[in-house]
Amino acid sequence: MAFFDRKVAVTGRNSFGKPKLAPGQEGTTKFPVLTYGSTPRISAKDWRLRVWGLAEEKVWTWDDFMKLPQTKLKADFHCVTHWSRFDDVWEGVMFKDFCCALDVKPGARHVMQHAYGGYTTNLPLQWMLEEEVMLAHTFNGAPLSADHGGPLRVFTPRRYAWKGAKWLNGLEFMAEDKPGFWEVNGYSNTADPWKEERFW
Ligand SMILES: Nc1nc2c(c(=O)[nH]1)N[C@H]1C(S)=C(S)[C@@H](COP(=O)(O)O)O[C@H]1N2
Ligand SMILES: [Mo]
(Lines give C-alpha, C1' and ligand atoms only; values in the text may rest on other atoms or scores of the structure.)
(Ligands and ions follow the chains in the order given, each with its own letter.)
Protein backbone atom coordinates (compact mmCIF):
# COMPACT_ATOMS: atom_id res chain seq x y z
CA MET A 1 0.00 0.00 0.00
CA ALA A 2 1.18 3.51 -0.77
CA PHE A 3 0.92 4.46 2.88
CA PHE A 4 3.96 2.37 3.65
CA ASP A 5 6.45 3.74 1.16
CA ARG A 6 8.45 5.31 3.98
CA LYS A 7 8.57 2.59 6.56
CA VAL A 8 9.82 3.30 10.03
CA ALA A 9 11.62 0.66 12.04
CA VAL A 10 10.55 0.83 15.64
CA THR A 11 11.32 -1.20 18.73
CA GLY A 12 10.82 -0.89 22.48
CA ARG A 13 7.89 0.15 24.61
CA ASN A 14 5.62 3.15 24.61
CA SER A 15 4.83 5.46 27.53
CA PHE A 16 2.28 3.02 28.93
CA GLY A 17 4.46 -0.07 28.65
CA LYS A 18 3.07 -1.64 25.46
CA PRO A 19 5.26 -2.51 22.45
CA LYS A 20 5.54 0.67 20.36
CA LEU A 21 4.72 -1.37 17.28
CA ALA A 22 1.35 -3.02 17.94
CA PRO A 23 0.72 -6.40 16.25
CA GLY A 24 -0.19 -6.21 12.57
CA GLN A 25 0.90 -2.56 12.30
CA GLU A 26 3.63 -0.90 10.21
CA GLY A 27 5.27 2.41 10.97
CA THR A 28 5.07 5.31 8.55
CA THR A 29 6.11 8.96 8.52
CA LYS A 30 3.07 9.81 6.41
CA PHE A 31 -0.20 11.01 7.84
CA PRO A 32 -2.92 9.62 5.58
CA VAL A 33 -6.37 11.19 5.77
CA LEU A 34 -9.16 8.72 6.54
CA THR A 35 -12.54 10.38 6.37
CA TYR A 36 -15.89 8.86 5.57
CA GLY A 37 -17.60 11.53 3.48
CA SER A 38 -16.53 15.11 2.91
CA THR A 39 -14.41 17.39 5.07
CA PRO A 40 -16.37 19.92 7.14
CA ARG A 41 -14.68 23.35 7.22
CA ILE A 42 -15.45 25.07 10.51
CA SER A 43 -13.69 28.21 11.72
CA ALA A 44 -12.82 28.51 15.40
CA LYS A 45 -15.22 31.46 15.54
CA ASP A 46 -18.16 29.36 14.34
CA TRP A 47 -17.17 26.21 16.19
CA ARG A 48 -19.27 25.03 19.16
CA LEU A 49 -19.00 22.01 21.44
CA ARG A 50 -22.23 20.92 23.08
CA VAL A 51 -22.30 18.69 26.14
CA TRP A 52 -25.54 16.93 27.02
CA GLY A 53 -27.17 13.79 28.40
CA LEU A 54 -26.02 12.76 31.86
CA ALA A 55 -24.08 15.99 32.32
CA GLU A 56 -25.42 19.46 32.74
CA GLU A 57 -26.02 20.83 29.25
CA LYS A 58 -23.47 23.40 28.18
CA VAL A 59 -22.35 24.85 24.86
CA TRP A 60 -18.67 25.76 24.63
CA THR A 61 -17.24 28.44 22.40
CA TRP A 62 -13.64 28.36 21.22
CA ASP A 63 -12.63 31.12 23.64
CA ASP A 64 -14.18 29.32 26.62
CA PHE A 65 -12.56 26.07 25.59
CA MET A 66 -9.08 27.58 25.21
CA LYS A 67 -9.20 28.87 28.80
CA LEU A 68 -9.13 25.28 30.08
CA PRO A 69 -5.77 23.75 31.14
CA GLN A 70 -3.70 22.96 28.04
CA THR A 71 -1.48 19.87 27.79
CA LYS A 72 1.23 18.65 25.40
CA LEU A 73 1.24 14.89 24.84
CA LYS A 74 3.86 12.97 22.87
CA ALA A 75 2.22 9.79 21.63
CA ASP A 76 1.70 7.28 18.82
CA PHE A 77 -1.29 6.99 16.47
CA HIS A 78 -2.58 3.59 15.35
CA CYS A 79 -4.98 3.26 12.43
CA VAL A 80 -6.97 0.07 11.97
CA THR A 81 -5.82 0.00 8.32
CA HIS A 82 -2.40 -1.16 9.65
CA TRP A 83 -0.32 2.03 9.77
CA SER A 84 1.05 3.74 12.86
CA ARG A 85 2.80 7.09 13.39
CA PHE A 86 5.19 7.61 16.26
CA ASP A 87 6.12 10.39 18.67
CA ASP A 88 3.87 13.17 17.43
CA VAL A 89 3.30 16.05 19.82
CA TRP A 90 -0.41 16.71 20.32
CA GLU A 91 -1.71 19.73 22.20
CA GLY A 92 -5.13 20.34 23.63
CA VAL A 93 -7.27 19.71 26.68
CA MET A 94 -7.15 16.31 28.32
CA PHE A 95 -10.65 14.83 28.48
CA LYS A 96 -10.21 14.40 32.24
CA ASP A 97 -9.50 18.12 32.61
CA PHE A 98 -12.50 18.94 30.43
CA CYS A 99 -14.65 16.75 32.65
CA CYS A 100 -13.57 18.75 35.69
CA ALA A 101 -15.26 21.77 34.12
CA LEU A 102 -18.55 19.85 33.70
CA ASP A 103 -21.24 18.69 36.04
CA VAL A 104 -21.33 14.99 35.14
CA LYS A 105 -24.25 13.19 36.75
CA PRO A 106 -23.91 9.94 38.68
CA GLY A 107 -24.92 7.09 36.39
CA ALA A 108 -22.94 8.37 33.37
CA ARG A 109 -20.96 5.36 32.10
CA HIS A 110 -20.42 5.94 28.37
CA VAL A 111 -19.64 8.88 26.16
CA MET A 112 -20.70 9.33 22.54
CA GLN A 113 -18.55 11.72 20.52
CA HIS A 114 -20.47 13.64 17.85
CA ALA A 115 -18.86 15.47 14.95
CA TYR A 116 -19.76 18.04 12.33
CA GLY A 117 -20.87 15.91 9.36
CA GLY A 118 -22.57 13.32 11.55
CA TYR A 119 -19.74 10.91 12.51
CA THR A 120 -20.07 9.32 15.94
CA THR A 121 -17.93 7.04 18.08
CA ASN A 122 -18.30 5.77 21.62
CA LEU A 123 -16.11 4.87 24.59
CA PRO A 124 -16.68 4.03 28.26
CA LEU A 125 -16.34 7.15 30.42
CA GLN A 126 -13.74 5.44 32.60
CA TRP A 127 -11.45 4.76 29.61
CA MET A 128 -11.86 8.34 28.43
CA LEU A 129 -10.68 9.48 31.87
CA GLU A 130 -7.84 6.99 32.30
CA GLU A 131 -6.35 6.61 28.81
CA GLU A 132 -4.89 10.05 28.07
CA VAL A 133 -7.77 10.88 25.76
CA MET A 134 -7.21 14.39 24.43
CA LEU A 135 -9.42 17.01 22.79
CA ALA A 136 -6.68 18.17 20.44
CA HIS A 137 -6.29 21.35 18.40
CA THR A 138 -2.55 21.37 17.62
CA PHE A 139 -0.36 18.74 15.97
CA ASN A 140 3.45 18.98 15.92
CA GLY A 141 3.28 22.69 16.65
CA ALA A 142 0.70 23.69 14.03
CA PRO A 143 -3.09 24.01 14.26
CA LEU A 144 -4.75 20.77 13.13
CA SER A 145 -5.59 20.99 9.45
CA ALA A 146 -9.21 20.64 8.36
CA ASP A 147 -8.44 17.23 6.82
CA HIS A 148 -7.18 15.92 10.14
CA GLY A 149 -10.11 17.24 12.15
CA GLY A 150 -9.38 20.88 12.90
CA PRO A 151 -10.34 22.94 14.71
CA LEU A 152 -10.82 20.17 17.30
CA ARG A 153 -10.61 16.39 17.25
CA VAL A 154 -10.40 13.60 19.79
CA PHE A 155 -7.13 11.63 20.02
CA THR A 156 -7.13 8.19 21.68
CA PRO A 157 -3.52 6.97 22.04
CA ARG A 158 -4.53 3.60 23.54
CA ARG A 159 -7.25 2.77 20.96
CA TYR A 160 -7.40 2.61 17.19
CA ALA A 161 -7.83 6.07 15.75
CA TRP A 162 -11.46 5.72 14.68
CA LYS A 163 -12.27 6.04 18.42
CA GLY A 164 -11.44 9.74 18.10
CA ALA A 165 -13.89 11.94 16.20
CA LYS A 166 -12.48 14.63 13.94
CA TRP A 167 -14.41 17.96 13.93
CA LEU A 168 -15.79 17.25 17.39
CA ASN A 169 -18.94 19.21 18.19
CA GLY A 170 -20.73 17.17 20.83
CA LEU A 171 -20.16 14.92 23.82
CA GLU A 172 -23.19 12.95 24.97
CA PHE A 173 -22.93 11.36 28.40
CA MET A 174 -24.96 8.14 28.56
CA ALA A 175 -25.94 5.49 31.10
CA GLU A 176 -25.79 2.66 28.57
CA ASP A 177 -23.39 1.74 25.81
CA LYS A 178 -24.46 2.57 22.26
CA PRO A 179 -22.42 1.87 19.12
CA GLY A 180 -21.13 4.75 16.99
CA PHE A 181 -20.80 4.94 13.20
CA TRP A 182 -18.04 2.36 12.59
CA GLU A 183 -19.09 0.23 15.54
CA VAL A 184 -22.47 -0.27 13.82
CA ASN A 185 -20.64 -1.02 10.56
CA GLY A 186 -18.51 -3.90 11.78
CA TYR A 187 -15.64 -2.35 13.75
CA SER A 188 -14.83 -3.50 17.26
CA ASN A 189 -16.47 -1.73 20.18
CA THR A 190 -13.28 -1.85 22.25
CA ALA A 191 -10.58 -1.24 19.58
CA ASP A 192 -7.45 -2.23 21.53
CA PRO A 193 -4.50 -2.22 19.07
CA TRP A 194 -2.45 -4.62 21.23
CA LYS A 195 -5.24 -7.22 21.10
CA GLU A 196 -5.88 -6.45 17.42
CA GLU A 197 -9.51 -5.70 18.15
CA ARG A 198 -10.26 -4.48 14.63
CA PHE A 199 -13.65 -5.94 13.69
CA TRP A 200 -16.41 -7.89 15.34
N1 LIG B 1 -15.59 12.97 12.02
C2 LIG B 1 -14.86 11.92 11.65
N3 LIG B 1 -13.91 11.49 12.49
C4 LIG B 1 -13.13 10.44 12.17
C5 LIG B 1 -13.32 9.75 10.94
C6 LIG B 1 -14.33 10.22 10.07
O7 LIG B 1 -14.56 9.68 8.97
N8 LIG B 1 -15.06 11.31 10.45
N9 LIG B 1 -12.54 8.67 10.63
C10 LIG B 1 -11.92 7.98 11.76
C11 LIG B 1 -10.93 7.02 11.32
S12 LIG B 1 -11.52 5.56 10.70
C13 LIG B 1 -9.59 7.23 11.49
S14 LIG B 1 -8.46 6.04 11.11
C15 LIG B 1 -9.08 8.56 11.93
C16 LIG B 1 -8.18 9.09 10.85
O17 LIG B 1 -7.65 10.33 11.20
P18 LIG B 1 -6.77 11.09 10.11
O19 LIG B 1 -7.64 11.31 8.90
O20 LIG B 1 -6.34 12.36 10.78
O21 LIG B 1 -5.61 10.18 9.78
O22 LIG B 1 -10.11 9.50 12.20
C23 LIG B 1 -11.29 8.95 12.76
N24 LIG B 1 -12.19 10.02 13.06
MO1 LIG C 1 -9.71 4.18 10.36
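The largest pocket in this predicted model has 30 lining residues, and those nearest its centre are Leu34, Thr35, Tyr36, Tyr119 and Trp182. Pockets and cavities were found on a 1 Å grid over the protein atoms alone: a cavity is a set of points where a 1.4 Å probe fits but cannot get out, a pocket is an open set with protein on both sides within 12 Å along at least five of seven lines, and lining residues have an atom within 4 Å of a point.

Some conventions before I go on. Residues are numbered from 1 along each chain as its sequence is written, and chains are lettered from A and ligands numbered from 1 in the order in which they are written. Since this is a prediction, local features need pLDDT of at least 70 and side-chain atom pairs count only at pLDDT 80 or more, while totals for chains, interfaces and linings use all residues; side-chain values use heavy atoms, with hydrogens and water left out.

Back to the largest pocket. Its volume is about 530 Å³, where a volume is the space filled by probe spheres set on the grid points, joined across faces, edges and corners. The lining splits into 19 nonpolar, nine polar and two charged residues. Here Ala, Val, Leu, Ile, Met, Phe, Trp, Tyr, Cys and Pro count as nonpolar, Asp, Glu, Lys and Arg as charged, and the others, Gly among them, as polar. Strand 5 (71-78) and helix 4 (181-184) each give at least two residues to this lining. Helices (H or I, at least four residues) and strands (E, at least two) are DSSP runs, numbered from the N terminus.

What takes up the space of the largest pocket? Ligand 1 does, by the rule that more than half of a molecule's atoms lie within 2 Å of the grid points. Around ligand 1 there are 20 residues, and Pro32, Tyr36, His148, Arg153 and Lys166 come nearest; a residue counts if one of its heavy atoms lies within 4 Å. By class, this shell holds 15 nonpolar, three polar and two charged residues.

Now the polar contacts, meaning pairs of N or O atoms within 3.5 Å; within protein, one must be able to donate a hydrogen and the other to accept it, and residues adjacent in sequence count only if both atoms are side-chain atoms. His148 uses a polar side-chain atom, at 2.6 Å from an oxygen of ligand 1. On its own, ligand 1 has 530 Å² of accessible area, of which the protein covers 97% (Shrake-Rupley, 1.4 Å probe; for residues, only the protein chains shown count as cover).

The second largest pocket has about 160 Å³. It is lined by 14 residues, with Asn14, Ser15, Phe16, Lys74 and Ala75 closest to its centre. Strand 5 supplies the largest share of that lining, five residues. By class there are four nonpolar, three polar and seven charged.

The count of cavities of 30 Å³ or more is one. Phe77, His78, Arg153, Val154, Phe155, Thr156, Arg159 and Ala161 line the largest cavity. Strand 11 (153-155) gives the largest share, three residues.

Last, the backbone. Most residues other than glycine have a negative phi, and most peptide bonds are trans. The bond from Gly150 to Pro151 is cis, with omega near 10 degrees, and Pro151 sits in the loop between strand 10 (142-143) and strand 11. Asn140, not a glycine, has a positive phi of about 50 degrees and belongs to the loop between strand 9 (134-139) and strand 10.
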